[in-house]
Structures are given as structure tokens and as C-alpha cells.
Amino acid sequence: MDYSFFSQQIPKIKKLPLPGEASHYKMAPPVRIRLMEESKLKKKQPKKAGVMALFYGDATNRTRLLLILRKTYQGVHSNQIGFPGGKAEKSDANILETALRETHEEVGVLPNRVKIIKSLSEVYIPPSNFEVQPYIGLYTKTKPFQIQESEVESLVEVRFTDFMDDSNNYMQNLTTSYAKNIDVPAFKLNGYTVWGATAMMLSEIKELLKQVF
């Protein structure tokens, strides 16, 4: 899809109600849903994080969504696909500032070049005790992305048409932090399996966009 057309149309989602947990749960296996429901009742002082779903035009002005492949490290989100973003710091004025700061650090996008379209539903991640606030943003790409090599293994620049194509939704057998050898709903994007909290957030984004495009 032409990015100029996309950027003109996407503000229409501002007035749409958020699909919320109903959309999240489409991309979660039953055991994950039970864990999330149980965790709601007993979670205490979760860590806060902000992430950015960044849409932009590529060199041919086709619309893309930016994801990243995280480095391999000792942690539950090692070597997974996610959005640019990260943990809130005390110096952040609010969680939006967190998302913008972390996006700048991880992929080199200046905060003042991001146009925020809409905040999305929070997602609680029980294994890491994080409550994540996602945002949809537009980036008028004036400079190449620059990855933070200590955190980001590579960029995953997804074509809008591939993201919206329902044939890229499927079930993948995985071993996760909460269960072994279970079938998990996932997206297949740029050859990567995208599952878990990122897939849940993508599901809500996709439902909003389907009402406009």
C-alpha cells in the first residue's frame, strides 16, 4: 500500500474503540489465557514498559511496519521478535516518553519525527512481570535506521500487505516459559514466527486497521 495514502487514512482509527483483550486472546493458547487471568488477581507492582508500532514508507513509498529481532541473552524474551521499546526509567515523564526514548535508542528514530496516532490496550506479561503499553506511530523516514547493537540483532521490516494477509496467521508448536510442546497462535512475518505478547499487540493493531483499510 502506498504510504502517502496509508498516512492519510490511519488517523481514522483514533475514534475507534480498542478491541482489547478479545483481540489479544486470539493470539494466545488457552494455558496462556488462564495464566494471564490468574496473574491479574495477584500481580503486584509490575514493571512498566512502552513500545512503538512504527509504520513508515520504504524506498519505494510502500508502507511497512518495523519490528526487531532481539539479541540472545539470559532472559525470557531472548532472540524473540518484538517492537522497539523497553523498560521505563525514573527520568521518563510518562510511558509514552519511555516508548519514544527506547525507540530512539534501539533503532535511531528521533522522538520528534514520530507522529503518535493512538495508544493501545496494555498487555501484562506474567513470566517477566511487565505491563506493556503499546503505541501506534508514523515515521516520516528521513534517515536510515541505526540499530543499538547491544540490544538488537536485526531489523524486521514487514510489508503492510503481508501483515494484513490472514494467510500469515497460523499455529506453531513451541516450548515456552509456561508450557512445553503446545500449539501457539502466531504470525509468520519475513520468515519469523511472531508469537506471545507481540502477537497479541499485533492482533489488536490488525483489527483496528481492518476497520479502515
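F213 is partly exposed, with a relative accessible area of 27%; buried here means under 20% relative accessible area, exposed over 50%, and partly exposed in between, with a 1.4 Å probe and protein chains only. The model is predicted, so local features need pLDDT of at least 70 and side-chain atom pairs count only at pLDDT 80 or more, while totals for chains, interfaces and linings use all residues. Residues are numbered from 1 along each chain as its sequence is written, and side-chain values use heavy atoms, with hydrogens and water left out.

Rings of Phe, Tyr and Trp (its six-membered ring) pair if their centres lie within 6.5 Å; planes under 30 degrees apart count as stacked, over 60 as edge-to-face and the rest as tilted. By this rule the model holds 10 aromatic pairs. One of them joins F5 and F213 edge-to-face, at 6.4 Å centre to centre and with 70° between the planes. F5 belongs to helix 1 (residues 3-9) and F213 to the segment after helix 6, so this pair ties together parts that are 208 residues apart in sequence. Helices (H or I, at least four residues) and strands (E, at least two) are DSSP runs, numbered from the N terminus. F5 has 40% relative accessibility and therefore counts as partly exposed.

Another edge-to-face pair is made by F6 and F160, with 5.1 Å centre to centre and 65° between the planes. This pair also links distant parts of the chain, with F6 in helix 1 and F160 in helix 5 (residues 160-164), 154 residues apart. Both F6 and F160 are buried. Y3, F5, F6, F55, F160 and F213 make up one aromatic cluster.

From helix 5 the chain passes to strand 9 through a loop that contains N168. Is N168 buried or exposed? Its relative accessibility is 17%, so N168 counts as buried. A polar atom of its side chain lies 2.8 Å from the backbone oxygen of D162. Residues up to four places away in sequence aside, N168 touches D162, A186, F187 and K188, where contact means heavy atoms within 4.5 Å.

The sheet comes next. Strands of a sheet pair through backbone hydrogen bonds, either parallel or antiparallel. Here 3 strands form an open sheet in the order 9-10-11, with antiparallel pairing. Strand 9 (169-174) and strand 11 (192-194) stand at the edges with a single partner strand each, so one side of each has no neighbour in the sheet. From one strand to the next the twist averages 55°. Two strands pair if DSSP finds at least two bridges between them. Strand 9 and strand 10 (residues 182-189) run antiparallel and are joined by 6 bridges. Along this pairing, N169 stands opposite F187 in strand 10, and L174 has I182 as its bridge partner.

Helix 6 (residues 196-210) packs on the sheet and touches strand 9, strand 10 and strand 11; its direction makes about 55° with that of strand 10. Such axes are lines fitted to C-alpha atoms, for helices over the stretch in contact, and angles run from 0 to 180 degrees between N-to-C directions. Strand 10 is mostly covered, with 6 of its 8 residues buried. Strand 10 and strand 11 also run antiparallel, joined by 3 bridges, and the bridge partner of L189 in strand 11 is Y192. The hairpin of these two strands has 2 residues between them, and N190 takes a positive phi near 55°.

Which residues touch the most other members of the largest nonpolar core? That core has 43 residues, and the ones in question are I10, I13, F55, I136, F163, I205 and L209. Helix 6 gives the most to this core, with 8 residues. Neighbours within four places in sequence aside, I205 is in contact with A53, F55, F83, L120, I136 and F163. Another core, of 14 residues, lies apart from it, including M52, I68, V114 and Y135. A nonpolar core is a set of buried Ala, Val, Leu, Ile, Met, Phe, Trp, Tyr and Cys residues joined through side-chain atoms within 4.5 Å.

The last stop is S91, in the loop between strand 4 (85-87) and helix 4 (95-107). At 63% relative accessibility, S91 counts as exposed. The C-alpha atoms of S91 and M200 are separated by 29 Å, and the two residues are 109 residues apart along the chain.

Key. A polar contact is a pair of N or O atoms within 3.5 Å; within protein, one must be able to donate a hydrogen and the other to accept it, and residues adjacent in sequence count only if both atoms are side-chain atoms.
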